Amino acid sequence: FTKHDCSLLSKAVKSCRNLRMLHLHRSQVDDEKARLLISHILDHPSLTSLDLSHNKISYRGARAMGKLLVSKCPLISLNLCNNRIDSQGGGAIGHALAKNQRLIRLDLRLNRLCDEGGAAVLKSLLLNSTLEELNLASNEVGEASAHVVSDIAVQNGTLKKLILACNNLGEDG
């Protein structure tokens, strides 16, 4: 999957206005390709599900995902499982998620969010009122994130499924 392939696909997706689901898992999508794709779907009228799992997306790609989350695209499901998203990328996604009022499912498992990125995503749920499912498993999330979970339990009435498996939440977690 080359940059040229991605460019052609991005243009095709943009012109296919009835497309609802796009799955590009295990496609060697890196930051550059993710940014190219996202730039073409920011105002897509019907895309509700995007699966970019098992790729090579890191901070710059995560920033592009943040732009997508605050765009006109009616996305309700985003799968970014098993990429290279770090704490800064988690911060960018968390910042956008706090403003987003459409997304229902977000899968960030098997990334590298660490405590700072995990906490940023979790804190966004104090403002977000639509997300029902969040998977942060295997992200090296720690105690600071665990403390945010208790606030979410009290303040967020929408979240139905939170997966924090395979993290080191500490004694308080």
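Glu32 is partly exposed, with a relative accessible area of 43%. This residue belongs to a predicted model. The side chain of Glu32 meets that of Lys3 in a salt bridge, 2.9 Å from N to O. The two partners come from distant parts of the chain: Lys3 lies in helix H1, Glu32 in helix H2, and 29 residues separate them. Lys3 is also partly exposed, at 47% relative accessibility.

**Salt bridges**

The count of salt bridges comes to three. The table sets them out.

| Pair | N to O distance | Relative accessibility |
|---|---|---|
| Lys3 and Glu32 | 2.9 Å | Lys3 47%, Glu32 43% |
| Arg109 and Asp107 | 2.0 Å | Arg109 28%, Asp107 12% |
| Lys160 and Glu132 | 3.9 Å | Lys160 68%, Glu132 25% |

Take the pair of Arg109 and Asp107. Their side chains meet at 2.0 Å, N to O. Asp107 counts as buried because its relative accessibility is 12%, and buried means under 20%. Arg109 is partly exposed at 28%.

Next comes Lys160 with Glu132. Their closest N and O atoms are 3.9 Å apart. This pair, too, links distant parts of the chain: Lys160 sits in the loop between H6 and S6, Glu132 in the loop between H5 and S5, 28 residues apart. Lys160 is exposed, with a relative accessible area of 68%. Glu132 is partly exposed at 25%.

**The loop between H6 and S6**

Gly157 has its place in the loop between H6 and S6. At 80% relative accessibility, Gly157 counts as exposed. Gly157 and Ile76 are 81 residues apart in sequence. In space, their C-alpha atoms are 18 Å apart.

**The largest pocket**

The largest pocket holds about 170 Å³ of space. Which strands each supply at least two residues of its lining? They are S3 (77-79), S4 (105-107), S5 (133-135) and S6 (161-163). The lining includes Ser77, Leu78 and Asn79. Arg105, Leu106, Asp107 and Arg109 are also among the lining residues. So are Glu133, Leu134 and Asn135, along with Lys161 and Ile163. By type, the lining divides into four nonpolar, three polar and five charged residues.

**The nonpolar core**

In soluble globular proteins, nonpolar side chains tend to be buried together. Here, the largest nonpolar core has 44 residues. Those with the most contacts inside the core are Leu50, Leu78, Leu80, Leu106, Leu108 and Leu134. Helices H1 (3-15), H2 (31-41), H3 (59-69), H4 (87-99), H5 (114-124) and H6 (143-155) each give two or more residues to this core.

What does Leu108 touch, leaving aside residues up to four places away in sequence? Its contacts are Leu80, Ile85, Ile93, Leu113, Val121, Asn135, Leu136 and Asn139.

**Helix H5**

Helix H5 shows which of its residues are hidden from the surface probe. Gly117, Gly118, Ala119, Val121, Leu122 and Ser124 are buried in H5. Where does their cover come from? It includes H4, S5, H6 and S6. One of the buried residues, Val121, is a contact of Leu108.

How values were computed: Residues numbered from 1 in each chain as written. Predicted model: local features only at pLDDT ≥ 70, side-chain atom pairs only at ≥ 80, totals over all residues. Heavy atoms only, no water. Core = buried A, V, L, I, M, F, W, Y, C linked by side-chain atoms within 4.5 Å. Buried < 20%, exposed > 50% of the residue type's maximum accessible area, 1.4 Å probe, protein only. Helix = DSSP H or I, 4+ residues; strand = E, 2+ residues; numbered from the N terminus. Contact = heavy atoms within 4.5 Å. 1 Å grid on protein atoms, 1.4 Å probe; cavity = no way out; pocket = protein on both sides within 12 Å on 5 of 7 lines; lining within 4 Å. Points joined across faces, edges and corners; volume = space filled by probe spheres on them. Nonpolar A, V, L, I, M, F, W, Y, C, P; charged D, E, K, R; others polar. Salt bridge = Lys/Arg side-chain N within 4 Å of Asp/Glu carboxyl O.
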